[in-house]
Amino acid sequence: MKKIIVISAHADDEIIGAGGTLLRHKEAADELYWLIVTNIFESQGFSLARVSSRQHEISQVANELGIKKIFKLDHPTMTLSGETLIRLVPQVAEIFQEVKPEIVYCLNRSDAHSDHRVVFDAVVACTKSFRHPYIKGVFMYECISETEFAPALPERVFIPNYFVDITKFMDAKLKMLNIYVSEMGEHPFPRSADNVRALAHFRGATAGVKYAEAFQLIKWIEK
């Protein structure tokens with residue numbers, strides 16, 4: 001049994017980028033943890049009904065994934081910055097010390113959304129082997145509507161080099177995405193069932209399977 005943690009800047013990132021892979025971990029009886037960095041609040045203009053429904057969506061997804069514990073840092077969405085990073089690093093480090101994950105799934109470093117980039121920087125700062133020796137693997141996942149809209153600069157582009165067969169879990173992944181009813185739309189909206197399936201189909205062709213999720217391996221330590 002492995003300890004796995006997936007990090008979302010916003011609830012839904014985790015299913016878009018790694019939902020099938022997380023379901024594979026669940027089937028393997030691995031211990032799953034979920035860190036959600038931001039949340040939505042009435043003070044930001046969200047209705048009470050929307051704030052409540054988002055918490056219900058999170059609970060539903062956690063139940064589907066068999067999450068052992070959810071960590072919510074409750075930073076207001078769309079506000080993460082360099083100043084936030086100073087506070088975020090020790091918060092993430094404290095969670096890592098509690099969970100002691102072997103595998104970390106994190107957002108892509110160069111996503112178009114600034115929240116994603118700040119979260120990546122905070123997480124990577126907490127993967128130093130001399131402080132967190134239990135971490136064996138760190139993977140970036142791609143997030144439709146953010147990864148592909150980032151500038152494709154050679155030094156920052158997402159380079160998939162690790163593929164997970166999710167053929168068995170493709171329909172379950174889409175079912176979980178539909179829990180986030182307000183985040184999904186119809187094609188050609190990026191976060192559509194058609195687009196999510198198409199990307200998995202394309203990644204699967206690279207990996208020689210029907211459907212796959214792609215990651216960029218940042219670190220792997222074998223002891």
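The model is a predicted one, where local features need pLDDT of at least 70 and side-chain atom pairs count only at pLDDT 80 or more, while totals for chains, interfaces and linings use all residues. Residues are numbered from 1 along each chain as its sequence is written, and side-chain values use heavy atoms, with hydrogens and water left out.

Glu142 sits in the loop between strand S5 (137–141) and S6; strands here are DSSP runs of E with at least two residues, helices are runs of H or I with at least four, and both are numbered from the N terminus. The Glu142 side chain makes a polar contact with the side chain of Arg203 at 2.8 Å (N or O atoms within 3.5 Å; within protein, one must be able to donate a hydrogen and the other to accept it, and residues adjacent in sequence count only if both atoms are side-chain atoms). Neighbours within four places in sequence aside, Glu142 is also in contact (heavy atoms within 4.5 Å) with residues including Ile16, Phe158 and Ala214.

His113 is another buried residue, at 19% relative accessible area, and its place is in the loop between strand S4 (103–107) and H4. Its side chain reaches the backbone nitrogen of Asp115 at 3.1 Å. Residues up to four places away in sequence aside, His113 touches His10, Met78 and Glu146.

On the aromatic side, a search of the whole structure turns up six pairs (ring centres of Phe, Tyr or Trp, the last by its six-membered ring, within 6.5 Å; planes under 30 degrees apart are stacked, over 60 edge-to-face and the rest tilted). The rings of Tyr162 and Phe215 have centres 6.5 Å apart and planes at 70°, so they pair edge-to-face. Tyr162 belongs to strand S6 (residues 162–165) and Phe215 to strand S7 (residues 212–220), so the pair ties together parts 53 residues apart in sequence. Tyr162 is partly exposed at 36% relative accessibility, whereas Phe215 is buried at 0%.

As for helices, H3 (residues 82–99) and H4 (residues 114–125) pack with their axes 8 Å apart. Residues meeting across this pair include Leu85 and Phe96 in H3, and Val118 and Ala125 in H4.

Terms used. Buried < 20%, exposed > 50% of the residue type's maximum accessible area, 1.4 Å probe, protein only. Axes fitted to C-alpha atoms, helices over the stretch in contact; angles between N-to-C directions.
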